[in-house]
Amino acid sequence: GKRFRLRDVEGRATVPVLYRGSVPDQFKVGREVRLEGKLRGGVFVGEPDTLQTKCPSKYTEKKA
């Protein structure tokens, strides 16, 4: 499995994570992610293959 820490969106709290499954290519420090799972004994245990990264928008739509 893979072990890492996630920080909440506000940046106030972190939680250790244990995750087994595929890891997206875009997964890296500082990237916003979504992960399903359950908190067990202070460790967030992620459901296999539910880790997704949120892509930063590189392009903005231009209105004609």
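Keep in mind that the model is predicted.

Let's start with the layout. The protein chain has six strands and zero helices. Read from the N terminus, the order is β-β-β-β-β-β. The chain holds 64 residues, and 19% of them are buried. Its accessible surface is about 5600 Å². Carbon and sulfur atoms account for 47% of that surface. Now the contacts. Take those in the chain with a separation of 6 or more: 41% of them join residues 24 or more positions apart.

Next, the inside. Which residues make up the largest nonpolar core? There are seven: F4, V17, Y19, V33, L35, F44 and L51. In general, nonpolar side chains in soluble globular proteins tend to be buried together.

Look at V17 for a moment. Set aside its neighbours within four places in sequence. V17 then contacts K2, R3, F4, L6, L35, V43 and F44. Among these, F4, L35 and F44 belong to the largest nonpolar core, as does V17.

F4 brings us to the rings. The structure has one aromatic pair. It is formed by F4 and F27, with ring centres 5.1 Å apart. How are the two planes set? They meet at 65°, so the pair is edge-to-face. F4 sits in strand β1, residues 2-7. F27 sits in the loop between β2 and β3. The two are 23 residues apart in sequence, so the pair ties together separate parts of the chain. F27 comes out at 21%, so F27 counts as partly exposed.

Last, the charges. Side chains of opposite charge can pair when their charged atoms come close. The count here is two salt bridges.

One joins E32 and K54, with the closest N and O atoms 3.5 Å apart. This pair links distant parts of the chain, 22 residues apart. E32 is in the loop between β2 and β3, and K54 is in the segment after β6. E32 is partly exposed, at 44% relative accessibility. K54 is also partly exposed, at 44%.

The other joins E36 and R34, at 3.3 Å from N to O. E36 has a relative accessible area of 37% and is partly exposed. R34 is partly exposed too, at 41%.

To recap: six strands, a largest nonpolar core of seven residues, one aromatic pair and two salt bridges.

How values were computed: Residues numbered from 1 in each chain as written. Predicted model: local features only at pLDDT ≥ 70, side-chain atom pairs only at ≥ 80, totals over all residues. Heavy atoms only, no water. Core = buried A, V, L, I, M, F, W, Y, C linked by side-chain atoms within 4.5 Å. Buried < 20%, exposed > 50% of the residue type's maximum accessible area, 1.4 Å probe, protein only. Contact = heavy atoms within 4.5 Å. Helix = DSSP H or I, 4+ residues; strand = E, 2+ residues; numbered from the N terminus. Areas by Shrake-Rupley, 256 points an atom, 1.4 Å probe, with all protein chains shown as cover. Phe/Tyr/Trp six-rings, centres within 6.5 Å; stacked < 30°, edge-to-face > 60°. Salt bridge = Lys/Arg side-chain N within 4 Å of Asp/Glu carboxyl O.
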